[in-house]
Amino acid sequence: MTKNYRIIVEIYYQNNPLETISKEEIIQGELNKPSNCLDFSMGLDNQIVLIQGVQDKILKEKIQLLSSEQQICPICKINLHKHGTHASSFRDVFSDYEIVVQRLRCNDCGYEKPSTVMTLINDKISGDLKKIQATLGSTHSFRENEKIFELFSGKDRKINNHDRIKQVVNSVGKALEEINTEEKEILTVPEATKLVLNIDRGHIKTIEDQRSMEAMVSVVYKPECIETNSKNTKNYITSKNCAASILDDSQVHIKILLL
(Lines give C-alpha, C1' and ligand atoms only; values in the text may rest on other atoms or scores of the structure.)
Protein backbone atom coordinates (compact mmCIF):
# COMPACT_ATOMS: atom_id res chain seq x y z
CA MET A 1 0.00 0.00 0.00
CA THR A 2 1.43 3.39 -1.04
CA LYS A 3 2.00 5.94 1.69
CA ASN A 4 1.32 9.65 1.27
CA TYR A 5 2.12 12.59 3.47
CA ARG A 6 0.55 15.96 4.13
CA ILE A 7 1.77 18.92 6.19
CA ILE A 8 -0.86 21.04 7.92
CA VAL A 9 -0.59 24.35 9.79
CA GLU A 10 -2.88 24.70 12.81
CA ILE A 11 -3.72 27.93 14.62
CA TYR A 12 -4.67 27.71 18.29
CA TYR A 13 -4.80 29.83 21.46
CA GLN A 14 -1.76 29.58 23.70
CA ASN A 15 -3.79 28.71 26.80
CA ASN A 16 -5.80 26.03 24.96
CA PRO A 17 -3.48 24.14 22.56
CA LEU A 18 -5.87 21.20 22.17
CA GLU A 19 -8.57 23.32 20.51
CA THR A 20 -7.78 24.21 16.88
CA ILE A 21 -9.06 27.57 15.64
CA SER A 22 -8.19 26.88 12.02
CA LYS A 23 -6.02 24.55 10.00
CA GLU A 24 -4.81 24.50 6.43
CA GLU A 25 -3.00 21.91 4.34
CA ILE A 26 0.22 23.37 2.99
CA ILE A 27 1.66 20.52 0.92
CA GLN A 28 1.01 16.85 0.26
CA GLY A 29 2.83 14.20 -1.68
CA GLU A 30 3.60 10.54 -2.18
CA LEU A 31 6.29 8.66 -0.26
CA ASN A 32 8.45 6.79 -2.75
CA LYS A 33 11.41 4.51 -2.12
CA PRO A 34 14.53 6.68 -2.73
CA SER A 35 16.88 5.48 -5.43
CA ASN A 36 19.44 8.30 -5.64
CA CYS A 37 20.51 11.59 -4.09
CA LEU A 38 17.98 13.54 -6.20
CA ASP A 39 14.82 11.88 -4.82
CA PHE A 40 16.00 11.17 -1.27
CA SER A 41 14.71 14.48 0.13
CA MET A 42 11.58 16.48 -0.63
CA GLY A 43 13.46 18.43 -3.27
CA LEU A 44 14.26 22.13 -3.34
CA ASP A 45 11.03 23.12 -5.11
CA ASN A 46 8.87 21.37 -2.51
CA GLN A 47 10.89 22.87 0.33
CA ILE A 48 10.32 26.36 -1.06
CA VAL A 49 6.60 25.62 -1.45
CA LEU A 50 6.50 24.41 2.17
CA ILE A 51 8.24 27.51 3.52
CA GLN A 52 6.09 29.83 1.43
CA GLY A 53 2.85 28.09 2.40
CA VAL A 54 3.58 28.08 6.13
CA GLN A 55 4.71 31.69 6.22
CA ASP A 56 1.82 32.83 4.05
CA LYS A 57 -0.59 31.41 6.62
CA ILE A 58 1.32 32.97 9.53
CA LEU A 59 1.48 36.38 7.84
CA LYS A 60 -2.28 36.35 7.23
CA GLU A 61 -2.88 35.64 10.91
CA LYS A 62 -0.49 38.40 12.01
CA ILE A 63 -2.10 40.93 9.68
CA GLN A 64 -5.52 40.18 11.17
CA LEU A 65 -4.17 41.16 14.59
CA LEU A 66 -3.68 44.73 13.34
CA SER A 67 -7.44 45.26 13.16
CA SER A 68 -8.60 42.76 15.78
CA GLU A 69 -9.33 45.53 18.30
CA GLN A 70 -11.20 48.79 17.89
CA GLN A 71 -8.81 51.53 16.76
CA ILE A 72 -9.14 55.19 17.82
CA CYS A 73 -8.38 58.23 15.69
CA PRO A 74 -5.43 60.06 17.35
CA ILE A 75 -6.87 63.40 16.24
CA CYS A 76 -10.62 63.16 16.85
CA LYS A 77 -10.50 60.47 19.55
CA ILE A 78 -13.35 58.54 17.89
CA ASN A 79 -13.53 55.04 16.43
CA LEU A 80 -11.92 54.33 13.07
CA HIS A 81 -14.04 52.54 10.45
CA LYS A 82 -13.16 49.97 7.80
CA HIS A 83 -12.42 51.54 4.43
CA GLY A 84 -11.52 48.79 1.98
CA THR A 85 -8.13 47.04 1.91
CA HIS A 86 -4.58 47.66 0.74
CA ALA A 87 -2.57 45.02 -1.12
CA SER A 88 1.21 45.24 -1.08
CA SER A 89 4.23 43.01 -1.59
CA PHE A 90 6.56 41.57 1.02
CA ARG A 91 9.89 39.90 0.15
CA ASP A 92 11.55 37.35 2.39
CA VAL A 93 14.64 35.16 2.03
CA PHE A 94 13.16 32.36 -0.09
CA SER A 95 9.87 33.67 -1.45
CA ASP A 96 7.56 36.63 -2.08
CA TYR A 97 4.17 37.36 -0.57
CA GLU A 98 1.15 39.54 -1.30
CA ILE A 99 -0.12 41.07 1.92
CA VAL A 100 -3.69 42.40 2.18
CA VAL A 101 -4.19 44.83 5.08
CA GLN A 102 -7.51 46.22 6.29
CA ARG A 103 -7.73 50.00 5.82
CA LEU A 104 -9.05 51.97 8.82
CA ARG A 105 -10.17 55.56 8.38
CA CYS A 106 -11.71 58.36 10.45
CA ASN A 107 -15.02 59.52 9.01
CA ASP A 108 -14.59 63.01 10.50
CA CYS A 109 -11.05 64.18 9.71
CA GLY A 110 -10.04 61.58 7.10
CA TYR A 111 -7.07 60.24 9.11
CA GLU A 112 -6.08 56.79 7.89
CA LYS A 113 -4.01 54.30 9.84
CA PRO A 114 -0.93 52.90 8.01
CA SER A 115 -2.08 49.89 6.02
CA THR A 116 0.76 48.88 3.67
CA VAL A 117 3.87 46.84 4.29
CA MET A 118 6.01 49.92 3.59
CA THR A 119 4.21 52.04 6.20
CA LEU A 120 4.13 49.21 8.75
CA ILE A 121 7.81 48.18 8.71
CA ASN A 122 9.34 51.02 6.66
CA ASP A 123 10.43 48.60 3.94
CA LYS A 124 9.19 45.88 1.61
CA ILE A 125 11.79 43.23 2.47
CA SER A 126 12.49 41.33 5.67
CA GLY A 127 15.44 42.08 7.92
CA ASP A 128 16.81 38.57 7.32
CA LEU A 129 16.89 39.06 3.55
CA LYS A 130 18.52 42.47 3.86
CA LYS A 131 21.14 41.05 6.24
CA ILE A 132 22.04 38.22 3.84
CA GLN A 133 22.16 40.59 0.86
CA ALA A 134 24.45 42.99 2.71
CA THR A 135 26.71 40.21 4.01
CA LEU A 136 27.15 38.47 0.66
CA GLY A 137 27.28 41.79 -1.18
CA SER A 138 30.30 42.84 0.87
CA THR A 139 32.27 39.68 -0.02
CA HIS A 140 31.12 38.90 -3.58
CA SER A 141 30.42 40.93 -6.68
CA PHE A 142 26.82 42.05 -7.10
CA ARG A 143 26.30 39.84 -10.17
CA GLU A 144 27.78 36.85 -8.32
CA ASN A 145 25.25 37.51 -5.55
CA GLU A 146 22.42 37.49 -8.04
CA LYS A 147 23.45 34.00 -9.19
CA ILE A 148 23.85 32.74 -5.62
CA PHE A 149 20.36 33.89 -4.64
CA GLU A 150 18.88 32.42 -7.80
CA LEU A 151 20.50 29.07 -6.97
CA PHE A 152 19.09 28.88 -3.44
CA SER A 153 15.68 30.36 -4.29
CA GLY A 154 15.21 27.98 -7.18
CA LYS A 155 14.18 30.84 -9.47
CA ASP A 156 15.06 34.34 -10.59
CA ARG A 157 13.65 37.00 -8.25
CA LYS A 158 13.76 40.73 -8.99
CA ILE A 159 14.39 41.52 -5.33
CA ASN A 160 17.75 39.73 -5.65
CA ASN A 161 19.02 41.34 -8.86
CA HIS A 162 22.45 42.95 -8.75
CA ASP A 163 21.08 46.51 -8.70
CA ARG A 164 18.92 45.78 -5.66
CA ILE A 165 21.79 44.13 -3.79
CA LYS A 166 23.98 47.13 -4.58
CA GLN A 167 21.36 49.46 -3.10
CA VAL A 168 21.15 47.39 0.09
CA VAL A 169 24.93 47.25 0.51
CA ASN A 170 25.21 51.02 -0.01
CA SER A 171 22.37 51.79 2.43
CA VAL A 172 23.84 49.53 5.14
CA GLY A 173 27.29 51.01 4.54
CA LYS A 174 25.90 54.54 4.87
CA ALA A 175 24.15 53.66 8.13
CA LEU A 176 27.35 52.15 9.56
CA GLU A 177 29.29 55.23 8.52
CA GLU A 178 26.82 57.49 10.33
CA ILE A 179 27.04 55.35 13.47
CA ASN A 180 30.83 55.45 13.29
CA THR A 181 30.77 59.25 12.95
CA GLU A 182 28.43 59.62 15.96
CA GLU A 183 30.64 57.34 18.07
CA LYS A 184 33.70 59.43 17.19
CA GLU A 185 31.88 62.61 18.25
CA ILE A 186 30.91 61.00 21.56
CA LEU A 187 34.45 59.81 22.23
CA THR A 188 35.97 63.19 21.39
CA VAL A 189 33.96 65.32 23.82
CA PRO A 190 36.31 68.06 25.10
CA GLU A 191 37.07 68.16 28.81
CA ALA A 192 35.00 70.58 30.88
CA THR A 193 36.54 73.03 33.31
CA LYS A 194 33.29 73.33 35.26
CA LEU A 195 30.27 71.01 35.65
CA VAL A 196 26.88 71.35 37.33
CA LEU A 197 25.43 68.38 39.24
CA ASN A 198 21.70 68.09 40.00
CA ILE A 199 20.55 65.20 42.19
CA ASP A 200 17.06 63.98 43.04
CA ARG A 201 15.67 60.81 44.54
CA GLY A 202 12.37 58.97 44.72
CA HIS A 203 10.59 55.61 44.76
CA ILE A 204 9.77 53.47 41.70
CA LYS A 205 6.91 50.98 41.95
CA THR A 206 7.46 47.43 40.74
CA ILE A 207 4.94 45.48 38.66
CA GLU A 208 5.34 42.04 40.24
CA ASP A 209 4.38 42.56 43.89
CA GLN A 210 3.52 46.29 44.11
CA ARG A 211 6.66 47.01 46.06
CA SER A 212 8.87 49.98 45.38
CA MET A 213 12.58 50.56 45.14
CA GLU A 214 14.43 53.74 45.97
CA ALA A 215 16.37 55.36 43.14
CA MET A 216 18.64 58.35 42.88
CA VAL A 217 18.75 60.41 39.68
CA SER A 218 21.57 62.75 38.81
CA VAL A 219 22.14 65.01 35.83
CA VAL A 220 25.61 66.34 35.03
CA TYR A 221 26.04 69.11 32.47
CA LYS A 222 28.13 72.11 31.52
CA PRO A 223 26.83 75.53 32.61
CA GLU A 224 27.02 76.82 29.02
CA CYS A 225 24.63 74.10 27.90
CA ILE A 226 21.69 75.77 29.61
CA GLU A 227 19.49 77.80 27.25
CA THR A 228 16.70 80.02 28.54
CA ASN A 229 13.17 79.53 27.31
CA SER A 230 10.47 82.15 27.34
CA LYS A 231 9.42 83.66 30.66
CA ASN A 232 7.83 81.40 33.29
CA THR A 233 9.06 78.18 31.68
CA LYS A 234 11.78 75.76 32.69
CA ASN A 235 15.27 75.84 31.23
CA TYR A 236 16.48 72.97 29.10
CA ILE A 237 19.76 71.46 27.83
CA THR A 238 20.14 71.50 24.05
CA SER A 239 23.81 72.09 23.19
CA LYS A 240 25.96 69.26 21.88
CA ASN A 241 28.59 67.54 24.01
CA CYS A 242 26.45 67.94 27.14
CA ALA A 243 26.67 64.63 28.94
CA ALA A 244 24.07 63.56 31.51
CA SER A 245 23.86 60.41 33.60
CA ILE A 246 21.14 58.73 35.61
CA LEU A 247 22.94 57.10 38.50
CA ASP A 248 21.66 54.85 41.28
CA ASP A 249 21.93 53.62 44.82
CA SER A 250 22.96 50.08 43.76
CA GLN A 251 19.46 49.27 42.48
CA VAL A 252 19.02 51.14 39.20
CA HIS A 253 21.66 52.01 36.62
CA ILE A 254 20.95 53.77 33.32
CA LYS A 255 23.21 56.01 31.29
CA ILE A 256 22.08 58.72 28.85
CA LEU A 257 23.94 61.02 26.49
CA LEU A 258 22.25 64.25 25.44
CA LEU A 259 23.37 65.47 22.00
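The sulfur of Cys 76 has its closest cysteine sulfur in Cys 109, at 3.6 Å, which is too far for a bond. A disulfide is a covalent bond between the sulfur atoms of two cysteines, and here the term is used for a pair of cysteine sulfur atoms within 2.5 Å. The structure, accordingly, holds zero disulfides. Cys 106 is likewise in no disulfide, the nearest cysteine sulfur being that of Cys 109, 3.7 Å away.

The model is predicted, with local features needing pLDDT of at least 70 and side-chain atom pairs counting only at pLDDT 80 or more, while totals for chains, interfaces and linings use all residues. Residues are numbered from 1 along each chain as its sequence is written, and side-chain values use heavy atoms, with hydrogens and water left out.

Attention now turns to charged side chains. A salt bridge is counted where a side-chain nitrogen of Lys or Arg lies within 4 Å of a carboxyl oxygen of Asp or Glu, and the structure holds nine of them. Helices (H or I, at least four residues) and strands (E, at least two) are DSSP runs numbered from the N terminus. Asp 123 is buried, with a relative accessible area of 13%.

Another salt bridge joins the side chains of Arg 91 and Asp 96 at 3.7 Å, N to O. Arg 91 is partly exposed, with a relative accessible area of 24%, and Asp 96 is partly exposed with a value of 24%. Elsewhere, Glu 24, Lys 57 and Glu 61 are linked in a network of salt bridges.

The surface also carries patches, made of residues with over 30% relative accessible area and no salt bridge, where like charges are joined within 9 Å and nonpolar side chains (Val, Leu, Ile, Met, Phe, Trp, Tyr) within 5 Å. Accessible areas come from the Shrake-Rupley method with a 1.4 Å probe, and for residues only the protein chains shown count as cover. Lys and Arg count as positive and Asp and Glu as negative, with His and the chain ends not counted. The place of a charge is taken as NZ of Lys, CZ of Arg, CG of Asp or CD of Glu. Glu 177, Glu 178, Glu 182, Glu 183 and Glu 185 form a negative patch. Glu 185 lies in helix α5, which spans residues 162-187, and this residue is partly exposed at 44%. A nonpolar patch of about 400 Å² is made by Ile 51, Phe 94, Leu 151 and Phe 152. Phe 152 sits in helix α4, residues 142-153, and counts as exposed at 53% relative accessibility.

Most residues other than glycine have a negative phi. Lys 77, though not a glycine, has a positive phi near 60°. Lys 77 is found in the loop between α1 (44-65) and β3 (81-91) and is exposed, with a relative accessible area of 60%. Asn 122 is another non-glycine residue with a positive phi, of about 65°. The place of Asn 122 is in the loop between α2 and α3, and Asn 122 counts as exposed at 66%.

Leu 66 is also placed in the loop between α1 and β3. This residue is partly exposed, with a relative accessible area of 35%. Leu 66 and Ser 115 are 49 residues apart in sequence, and their C-alpha atoms are 9.1 Å apart in space.

Conventions
Buried means under 20% relative accessible area, exposed over 50%, partly exposed in between (1.4 Å probe, protein chains only).
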